[in-house]
Amino acid sequence: MRRRRYEAVVIAASTGGIEALRAVLRAVDPRIAAPVVIVQHTASENAQALCDVLAAGSAIPVVEAESRQPLVNGCAYLAPPGYHLLVEPGPRAALSMDEKVCHVRPSADVLFTSAADVWRGGLIGIVLTGANEDGAAGMAAIRSRRGLAVVQKPEEAEMREMPEATLRRAGADHVLSLQEIGPLLNRLLCR
Amino acid sequence: MHPSDLQDVEITLFREALRMRHGYDFSGYAPASFKRRVLALQAAVGAGSLTQLIERLLHEEGFVREVIARLSVPVSEMFRDPRVFGLLRSEVMPVLATWPVINVWQAGCAHGEEVYSLAIVLRECGLYDRAHIFATDFSDEALTRAEEGIYPLHDARTYSDNYLKAGGTGSLSDWFIARYQRIKLDESLRRRVTFANHNLVSDGVFGEMQLIVCRNVLIYFGDELQDRALRLFRDSLVHGGFLCLGSKESLAYTAVDQDFERLAPGSPIYRRVIRAP
Ligand SMILES: C[S@@+](CC[C@H](N)C(=O)[O-])C[C@H]1O[C@@H](n2cnc3c(N)ncnc32)[C@H](O)[C@@H]1O
């Protein structure tokens, strides 16, 4: 039997990200054997509302990540607004109020880099639509650990800067349309 | 070895150097954010590697102050989380008013943003003259800045919005003067404030407090260190005293959970209770 290679997913999304995330989460199989950890840039302080929007139509639960919370398979975790979300050995969540990175907090670079340290080659990173460069450096960290890099097709993204910046800086293993991302995760992560 | 794993090795050595040479112990900090801080420090001082950083830490006189200043995360705001400051004003102040003295400990005060916020609330509630605020941090650099009470003008707008949302009864601009691109908080707000260095890792209990405010510090601590700090807070509080944490911090699953009651569901404000054995 082939050893399952991947064990966790991290996703970066910014402008236009909510619709994009919904499209991905809608297609995810509830038996997915990985935690899904998400940074969505937002001006809103209300994480619960955002979780509810994402959870509607998603087959897996979407919760706001709490400090020290264990990250379990089949659950999606959203970084709380105003805090960086990091992954620590466990795996579990950690929060920080450090300076903004790429003008944002939470920053996907912070999430991706810390997650790559924990899950190494077992990590799948996904960069979706957005109008900045957050996630590019983080994706480079994931690739340096031989994790899998998935980027939304820039021409299809509502904002193409973030996918493009990631492709420039880190490259990708898959450049996909939104409809293809969920099924890929299911193939790689469902037993 | 992956470069990031090599950095982990260097960070372990750096941590030891800091402890053995200067007495600062970061072993109880949450590892991922600590790593970020050390790498940010390296970038800020232009060290070619973390190993070079260790060299300077060991041999360069006075460098440790800058190291601590940069490992500390003095990121804050006045009245950050207005809802919480609103609760302090509407729920906590009336109880504090029943005590003859009001000792407040602000632990991890960064550049003082929350110290002045608390001072303003106490003033507007008519309690300031009976109050004494102990503002502590383990970074001397942060304490110096906190004493100055000077902030960038472009933050004043956010601070003012926060202040109003938190139930401020006047206008925040009553409490500062704007000059050039900065604001300076009214010096009278400092009259009953004592700034002091206190390290939550190694220092002890702090008097008989009616209110302890420690926000967004525990998120940086591992479980054991968090428990240590929380025991310290518990043992520094009078019966019925209040503990105010950051909005993403809670006492759930900690060593002192049983010693406190939540003020309101979902709020990070707790009250010290003595339970019958
Ligand atoms: C992110 S700031 C929080 C500022 C403010 N309380 C707020 O929530 O806006 C964290 C502060 O904790 C301080 N700190 C970190 N470790 C500490 C320790 N061991 N003892 C005392 N203060 C510490 C840092 O120097 C920094 O000023």
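Biologist: Which side chain does A:Arg68 meet in a salt bridge?
Modeller: A:Arg68 pairs with B:Asp223, at 2.9 Å from N to O. Keep in mind that this is a predicted model.

Biologist: How many salt bridges are there between chain A and chain B?
Modeller: The count between the two chains is eight. Over all chains, the whole structure has 27.

Biologist: What does B:Lys248 pair with?
Modeller: The side chain of B:Lys248 meets that of A:Glu64 in a salt bridge, 2.5 Å from N to O. B:Lys248 sits in the loop between strand 8 (237–245) and strand 9 (260–262) of chain B, while A:Glu64 belongs to strand 3 (residues 62–64) of chain A, so this pair joins two chains.

Biologist: And polar contacts, how many residue pairs between chain A and chain B?
Modeller: There are 18 residue pairs in polar contact, counting those with both residues at pLDDT 80 or more. On the side of chain A that touches chain B, strand 5, strand 6 (92–96) and helix 3 of chain A each give two or more residues. That side divides into nine nonpolar, five polar and ten charged residues.

Biologist: How much area do chain A and chain B bury between them?
Modeller: About 2,100 Å², with 44% of it on carbon and sulfur atoms. In chain A, the residues that lose the most area to chain B are A:Arg68, A:Tyr83 and A:Met97, together 30% of what that side buries. The contact takes 24 residues from chain A and 24 residues from chain B.

Biologist: New topic: which residues lie nearest the centre of the second largest pocket?
Modeller: Those are A:Thr113, A:Asp117, B:Ser4, B:Asp8 and B:Lys35, out of 26 lining residues. The pocket holds about 540 Å³ of space.

Biologist: What about cavities, how many of 30 Å³ or more?
Modeller: Two. The largest cavity has a volume of about 450 Å³, and its lining has 32 residues, with B:Val73, B:Gly108, B:Asp137, B:Asn216 and B:Val217 nearest the centre.

Biologist: Which element gives the most to that lining?
Modeller: Helix 2 of chain B, with three residues. By class, the lining of the largest cavity has 17 nonpolar, nine polar and six charged residues.

Terms used:
Residues numbered from 1 in each chain as written. Chains lettered and ligands numbered in written order. Predicted model: local features only at pLDDT ≥ 70, side-chain atom pairs only at ≥ 80, totals over all residues. Heavy atoms only, no water. 1 Å grid on protein atoms, 1.4 Å probe; cavity = no way out; pocket = protein on both sides within 12 Å on 5 of 7 lines; lining within 4 Å. Points joined across faces, edges and corners; volume = space filled by probe spheres on them. Contact = heavy atoms within 4.5 Å. Buried area = accessible area lost by both parts, 1.4 Å probe. Salt bridge = Lys/Arg side-chain N within 4 Å of Asp/Glu carboxyl O. Polar contact = N/O pair within 3.5 Å; in protein donor to acceptor, adjacent residues only side chain to side chain. Helix = DSSP H or I, 4+ residues; strand = E, 2+ residues; numbered from the N terminus. Nonpolar A, V, L, I, M, F, W, Y, C, P; charged D, E, K, R; others polar.
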